[in-house]
Amino acid sequence: QLQASGGGLVQAGGSLRLSCAASGRTFSSYAMGWFRQAPGKEREFVAGISWSGSAIYYADSVKGRFTISRDNAEKTVYLQMNNLQPHDTAVYYCAARYGMALRGPIEYKIWGQGTLVTVSS
């Protein structure tokens, strides 16, 4: 089970930190990903992190602005989002998969419920 939180309304240039809390004893064995889906668009990859945190990947559109991290002791993965822009408006989802952190949503079998991020201009 994954529970995403931290979304909200922010002005352009602002920041938010999303959290994704996991339940279960094997969180540290899973790679985690953040995805987002804007109205009328397909779900897209935002960032991914390996189970150890040693491998991290970003979509080009967020590189340099977003930072993914994880705390295996707290069973939580974070997405720090800085310099948010209106095009970042979307529902953000966290997801987990056993193995490598891949970019395709179809590769992930465990999903959180999503948290809405709205960036006003």
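## Aromatic pairs

Rings of Phe, Tyr and Trp (its six-membered ring) pair if their centres lie within 6.5 Å; planes under 30 degrees apart count as stacked, over 60 as edge-to-face and the rest as tilted. The structure holds six aromatic pairs. In one of them, Phe35 and Phe45 have ring centres 5.7 Å apart and planes at 75°, so this pair is edge-to-face. Phe35 belongs to strand S4 and Phe45 to strand S5, so the contact ties together parts that are ten residues apart in sequence. Strands (E, at least two residues) are DSSP runs, numbered from the N terminus. Phe35 has 0% relative accessibility and counts as buried. Phe45, at 9%, also counts as buried. Buried means under 20% relative accessible area, exposed over 50%, partly exposed in between (1.4 Å probe, protein chains only).

Phe35 and Trp111 form a tilted pair, 5.0 Å centre to centre with 55° between the planes. This pair links distant parts of the chain: Phe35 in S4 and Trp111 in strand S10 (residues 110–111), 76 residues apart. Trp111 counts as partly exposed, at 26% relative accessibility. Ring pairs join Phe35, Phe45, Tyr93, Tyr108 and Trp111 into a cluster.

## Basis of the model

This is a predicted model: local features need pLDDT of at least 70, side-chain atom pairs count only at pLDDT 80 or more, and totals for chains, interfaces and linings use all residues. Residues are numbered from 1 along each chain as its sequence is written, and side-chain values use heavy atoms, with hydrogens and water left out.

## Arginine over the rings

The charged end of Arg43 sits over the ring of Tyr93, 3.8 Å from its centre. It also sits over the ring of Trp111, 4.7 Å from the centre. The criterion is NZ of Lys or CZ of Arg within 6 Å of the ring centre and within 35 degrees of the ring normal.

## Salt bridges

A salt bridge is a side-chain nitrogen of Lys or Arg within 4 Å of a carboxyl oxygen of Asp or Glu. The structure holds five. Arg36 bridges to Glu44, with the closest N and O atoms 2.6 Å apart. Arg36 is buried at 4% relative accessibility, whereas Glu44 is partly exposed at 35%.

Asp60 pairs with Lys63 at 3.1 Å between the closest N and O atoms. Both Asp60 and Lys63 are exposed. For Arg97 and Glu107, the closest N and O atoms are 4.0 Å apart. Arg97 lies in strand S9 and Glu107 in the loop between S9 and S10, ten residues apart. Arg97 is buried at 15%; Glu107 is partly exposed at 35%. Shared partners join Arg36, Glu44, Arg65 and Asp88 into one salt-bridge network.

## Nonpolar core

A nonpolar core is a set of buried Ala, Val, Leu, Ile, Met, Phe, Trp, Tyr and Cys residues joined through side-chain atoms within 4.5 Å. The largest one has 34 residues. Trp34, Leu79, Met81 and Tyr92 have the most contacts inside it. Elements giving two or more residues include S3 (16–22), S4 (30–37) and S8 (76–81). S9 gives the most, with five residues.

## Open sheet

Four strands form an open sheet in the order S1-S3-S8-S7, with antiparallel pairing. S1 and S7 stand at the edges with a single partner strand each, so one side of each is left without a neighbour in the sheet. The twist averages 15° from one strand to the next. Two strands pair if DSSP finds at least two bridges between them. Four bridges join S1 to S3. Among the residues involved, Gln3 has Ala21 in S3 as its bridge partner.

Terms used:
Axes fitted to C-alpha atoms, helices over the stretch in contact; angles between N-to-C directions.
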